[in-house]
Amino acid sequence: MLKCAAMIISFSDRVKVPDDVLISNLQGESVILNLDSERYFGLDDVGTRFLSVLTTSDSIEAAYNTLITEYNVDGAVLRNDLLALVENLVSQGLLIRTNP
């Protein structure tokens, strides 16, 4: 669980892309744009994969379980990276989190 000033993000949460957000992919990288706020965020190929798995999984934990098999990384590092990415994108209005 990650605690920040505005929210607590749990591994049981699910994330999705809001209707007013567009994602453009080019050569494995992504740009995420919120049409209402005009905020945008760029992701490299690893970040793009993280986002894809996060938004198609039933929970952040399910995404973690998928990604830990794909990347040679310490579990704690992956957990922190996933939660930091979710926190950043949610705080910018580029993702929304829901409880299952």
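Glu70 counts as partly exposed, at 38% relative accessibility (buried means under 20% relative accessible area, exposed over 50%, and partly exposed in between, with a 1.4 Å probe and protein chains only). The structure is a predicted model, in which local features need pLDDT of at least 70 and side-chain atom pairs count only at pLDDT 80 or more, whereas totals for chains, interfaces and linings use all residues. Residues are numbered from 1 along each chain as its sequence is written, and side-chain values use heavy atoms, with hydrogens and water left out.

Two salt bridges are found in a search of the whole structure (a salt bridge is a side-chain nitrogen of Lys or Arg within 4 Å of a carboxyl oxygen of Asp or Glu). In one of them, the side chain of Glu70 meets that of Arg49, with an N to O distance of 2.6 Å. This pair links distant parts of the chain, since Glu70 belongs to helix 2 (residues 60-70) and Arg49 to helix 1, 21 residues apart (helices, H or I of at least four residues, and strands, E of at least two, are DSSP runs numbered from the N terminus). Arg49 is partly exposed, at 32% relative accessibility.

Asp13 forms a salt bridge with Arg97, and their closest N and O atoms are 3.2 Å apart. Here too distant parts of the chain are linked: Asp13 lies in the loop between strand 2 (8-9) and strand 3 (14-16), and Arg97 in strand 7 (residues 96-98), 84 residues apart. Asp13 is buried, with a relative accessible area of 2%, whereas Arg97 is partly exposed at 31% relative accessibility.

Helix 1 (residues 45-56) packs against helix 3 (residues 75-91) at an angle of about 80°, and their axes are 11 Å apart (axes are lines fitted to C-alpha atoms, for helices over the stretch in contact, and angles run from 0 to 180 degrees between N-to-C directions). Helix 1 is therefore roughly perpendicular to helix 3, a term applied to angles of 65 to 115 degrees. Helix 1 contributes Gly47, Phe50, Leu51 and Leu54 to the contact, and helix 3 contributes Leu78, Asp81, Leu82, Leu85, Val86 and Leu89 (contact means heavy atoms within 4.5 Å).

Positive phi values in residues other than glycine occur at Gln27, near 50°, and at Glu38, near 65°. Gln27 is placed in the loop between strand 4 (21-26) and strand 5 (29-34) and is exposed, at 78% relative accessibility. Glu38 is located in the loop between strand 5 and strand 6 (40-43); at 63% relative accessibility, Glu38 is also exposed.

Methods:
Angles under 35 degrees count as roughly parallel, over 145 as roughly antiparallel, 65 to 115 as roughly perpendicular and the rest as oblique.
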